[in-house]
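The text goes from one part to the next.

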Amino acid sequence: MDRDDPAANAVRWADPGAVLLRIGPRGEAAVTGDPARLAADRPSGRRDPQRQLLIGTVAGRPWFVTRAVPVAGPGRRIESLRGSDLPPAQREIVWAGMAALNWHESAPVCPRCHAGTRVGEGGLSRICTACGTVVFPRTDPAVICAVLDDRDRIVLGRQHAWEPGRVSVLAGFVEAGEAAEHALVREVAEETALRVTAARYVSSQPWPFPRSLMLGYVARAEGDISPVDHELAEADRYSRDQVRDLVAAGTLILPSPMSIARSLIEAWLADRLPVPESGADLSVPLGAALPEPGQP
Ligand SMILES: [Zn+2]
């Protein structure tokens, strides 16, 4: 795609099918209908390439995104994009738009010479105004995992800040220099004291709040749950029947339909997750056999 070409982008901006998505400072946008879909606007006026970023072309329509307070109106309401239930194709547009805005706002300075940067024409990069260094978006990897016991029950936990009854699967950031599988074993141990014995990668999902990439796994773990790092207020194992009954009764609240956490839970409920033992054997502790330090 010739998204570095100002003339091509001017044609896209003027396209009768072009769309401008306004995302507010708290990640909110205008939606319409039930189920919700994005209520985006036609671009108008002259495009400012520093503020109106090109996301891409979807089904022949050029999509632009900008940080601006969305406006409600007849048939339009404002929703948090983190919690809405948009159709899958629109989720990808929202994630790409959120990720672009969040990254551009967090990278105003050149990492090499500390001069100011400006948006590369299409919005895919930033360029230093002094030394010309091109900077590309950064993503923070995180692991998220449906942790199962030997009876296929799932571990769900509640963070302290969440309302009573709201639960999710376990998740945590991959540290610098750490393999995703190591992060998985470490996070599960830190949050629950469970020992992961096997894990299999399932799928990934961007989560640009502000800039994560969630790597989704299913894992088997053994031991007793006992929160170690106090990140979780509570955690427990649930059977499929228990989750269905408690959700129906309103006692248990599942994560946003937009999240991979919800997808993992739904796939487990439908018995569609791969068997953890069909992936990596993690029964041997990672990094167990370190050499003794020698003489300098
Ligand atoms: Zn520079």
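The second largest pocket lies between domain 1 (6–105) and domain 2 (140–278), because both give residues to its lining; the domain bounds come from an automatic or database domain assignment. This is a predicted model, in which local features need pLDDT of at least 70, side-chain atom pairs count only at pLDDT 80 or more, and totals for chains, interfaces and linings use all residues. Residues are numbered from 1 along each chain as its sequence is written, and side-chain values use heavy atoms, with hydrogens and water left out.

A pocket is an open set of points on a 1 Å grid over the protein atoms alone, where a 1.4 Å probe fits and protein lies on both sides within 12 Å along at least five of seven lines; lining residues have an atom within 4 Å of a point. Grid points are joined across faces, edges and corners, and a volume is the space filled by probe spheres set on the points.

The second largest pocket holds about 340 Å³ of space. Its lining has 21 residues, and Trp 95, Ala 96, Ala 99, Ala 100 and Pro 137 lie nearest the centre. Strand S4 (53–58), helix H2 (88–106) and strand S14 each give two or more residues to this lining, and H2 has the largest share, with six. Helices (H or I, at least four residues) and strands (E, at least two) are DSSP runs, numbered from the N terminus.

The largest pocket holds about 730 Å³. It is lined by 29 residues, and those nearest its centre are Arg 82, Gln 159, Trp 162, Ser 168 and Trp 207. Strand S12 gives the most to this lining, four residues. Among the other elements that supply at least two are strand S13 (195–207) and helix H5 (260–269).

How much of H5 is covered? Seven of the 10 residues of H5 are buried, where buried means under 20% relative accessible area (1.4 Å probe, protein chains only). Trp 268 and Leu 269 are among these buried residues. The buried residues of H5 pack against several elements, including strand S15 (232–238) and H4. After H5 comes Asp 271, with a positive phi near 60°.

Arg 240 is in helix H4 (residues 240–248). Arg 240 counts as buried because its relative accessibility is 19%. Leaving out residues up to four places away in sequence, Arg 240 touches Asp 152, Trp 268, Leu 269 and Asp 271, contact being heavy atoms within 4.5 Å.

Key:
Buried means under 20% relative accessible area, exposed over 50%, partly exposed in between (1.4 Å probe, protein chains only).
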